[in-house]
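Colleague: I would like to learn how to go through a model like this one, feature by feature. Could you take me along slowly, with the general idea first and then the case at hand?

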Amino acid sequence: MLVSSPEGRVRAVPLHRVVAQVVANGPLGLMEETGRQGQGDVVRLGPGAFRPLLVTHPEHLRHVLRDAAENYVRGTAMWNALGRLTGQGIAGEGPGWLASRDALRKAMSATYLQRVGATVADAVEEAVEALAGRAERGPVDAVAEMTRLVHRVINPVFFASRIDAAQCDRLGEEVAGALGSLLWRMAMPFVPYWVPLPGDRAFARATSVIKGILLPVIERARRAENDGPDLMSALLRARDAQGRPLGDEHVRQDIVALFVAGSESSALTLTWTWVVLSRHPEIAARVRREADEVLAGGPPRFEHARRLVYTQRVLAEVMRLYSMAWAVPRVARRDDRLGRVPVPAGTTLVVSPYLTHRLADFWPDPLRFDPDRFERSAVRARHPLAYLPFGDGAHQCVGQGFFTLEATLVLAAVLSRYEVRVLGDPRPRLAVALPPDRPVGLALTRRTR
Ligand code: HEM
């Protein structure tokens, strides 16, 4: 593994360090060590012909994601394999992406969030009560429960509840299964599709179940009035550059893409929030005090979210240290440079918010959990690209506002009514996102005031 500084210097990361990190802390430990060694320099990963560049410095991110973004596109092995599941709409590039992006950006704007705010708040309230019904009887699996909770909130927002809760869970499971079965294809992009790989059959089966659930709903929805604020209606109303509506298959793949992008990342971020709060009781107490003050014993409402300022800082700090998008790949279309480091056409670049969020130059004592890093003055003083849990530039997450609203209300609704106990002391594990490396139990007890 080689490290190149922005000035073009190249130095080696000693092999014994690499081996020691993998043995001690697994692949994530290696990634963290690589980031620490690089400290914002461009890092050339791995020996051999395929040597992606790891890009973490905020100034380099500005170049790749903003200033020269048209040169750095999706189209790496990972995106190509993912395209079999999520198509060439919102998860792709080019005209198909633009049509979906326009529709979804409008559909998830701040004005939109106001329109669906009451629906989100009601869905959160219902989902939290259902969670408590199970978690009051004894510890439940935090990841499974947060996934279920996220699906309950997603359903009215994505589908105007056109599918029932059980089907929404099934859809989530099948999308997760299909995604998992693509890992072989992502890892071996040079193998042609006529050569079978493990995962191919599971992928075909999951895709067929997904189509079976979604296509009839899309067909029915297309025949009805589609003036609602839900995302399926927004996609059915969308037009491409030629003024044509998006086809059923395009809409279906966009909905799958929304699940891929929004479901697991949201559920895991919420899971890590409970873990972190259990490790920092003084911070949990402050979040609870704020929830008590703002909700005043009642259910969460849309209007509460903007007053839950400290809660949002806690969430922001969770997303700094547990950045679900730990790697966002791009490929260079033309020759370019990052500082003095040459980037030949065809090079894969790996942007890693996870590592940028650990750069000591921008985050003093980076591993300390400190929500006050997100006080307004501290945010203003920091490089704008030192923090990018939702990406940046043309592909920046369209679900950012929605997730923040949902998660803020979930935290306040739970903490204002329940004592939360977390069982297990997990570390993140490198997978599509960053799930815990062992089961995490969650138990709730109703508070007595
Ligand atoms: C903690 C929760 C979430 C995290 C950490 C997250 C993170 C990200 C990141 C890093 C990107 C940029 C990908 C890139 O540059 O290629 C992204 C894009 C995207 N996210 Fe999210 N996301 C979250 C929640 C959501 C939710 C709830 C939705 C849907 C409601 C969503 C929908 C999308 C979509 C559609 C894109 C692609 C946008 C485009 O390519 O134009 N995300 N997300």
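Predicted model: local features only at pLDDT ≥ 70, side-chain atom pairs only at ≥ 80, totals over all residues.

Colleague: Which residue in β12 is the bridge partner of V140?

Modeller: The bridge partner of V140 in β12 is L442, and together 2 bridges join β6 to β12, residues 441-446, with the two strands running antiparallel.

Colleague: In what order do the strands of this open sheet lie?

Modeller: The 3 strands follow the order β6-β12-β11, and their pairing is antiparallel. The edge strands, each of which pairs on one side only, are β6 (140-141) and β11 (418-423). Between β11 and β12 there are 6 bridges, again in the antiparallel sense, and L423 has G441 in β12 as its bridge partner. As a general idea to keep in mind, side chains in a regular strand alternate between the two faces of the sheet.

Colleague: How do β4 and β10 run, parallel or antiparallel?

Modeller: Strand β4 (residues 53-55) and strand β10 (residues 348-351) run parallel and are joined by 3 bridges, with V55 standing opposite V351 in β10. Strand β7 (residues 328-332), on the other hand, pairs with β10 in the antiparallel sense over 4 bridges, and there V331 stands opposite T348.

Colleague: Which residues have the most contacts inside the largest nonpolar core?

Modeller: They are V55, V124 and V410, in a core that has 122 residues, and the largest share of this core, 15 residues, comes from α11. If we leave aside the neighbours of V124 within four places in sequence, V124 is in contact with V153, P300, E406, L409, V410 and A413.

Colleague: Let us turn to the ligand. Which of the 22 residues around the ligand come nearest?

Modeller: G262, A325, G391, C397 and G399 come nearest. Two or more residues of the shell are given by each of α4 (94-107), α11 (248-279) and α16 (400-417), and α11 gives the most, with 7 residues. Sorted by class, the shell around the ligand holds 14 nonpolar, 7 polar and 1 charged residues.

Colleague: What does UniProt list for C397?

Modeller: An unreviewed UniProt entry lists C397 under "binding site", and such an annotation may be inferred rather than shown by experiment. In the model, C397 lies in the loop between α15 (376-381) and α16, and, once its neighbours within four places in sequence are left aside, C397 is in contact with F390 and G391.

Colleague: How many residues apart in sequence are P245 and Y72, and how many Å apart in space?

Modeller: P245 and Y72 are 173 residues apart in sequence, while their separation in space, taken from C-alpha to C-alpha, is 28 Å.

Key
Residues numbered from 1 in each chain as written. Near = placed C-beta within 6 Å. Nonpolar A, V, L, I, M, F, W, Y, C, P; charged D, E, K, R; others polar. Contact = placed C-beta atoms within 7 Å. Pairing = 2+ DSSP bridges. Core = buried A, V, L, I, M, F, W, Y, C linked by C-beta atoms within 7 Å. Buried ≥ 20, exposed ≤ 12 C-beta atoms within 10 Å, placed from the backbone.
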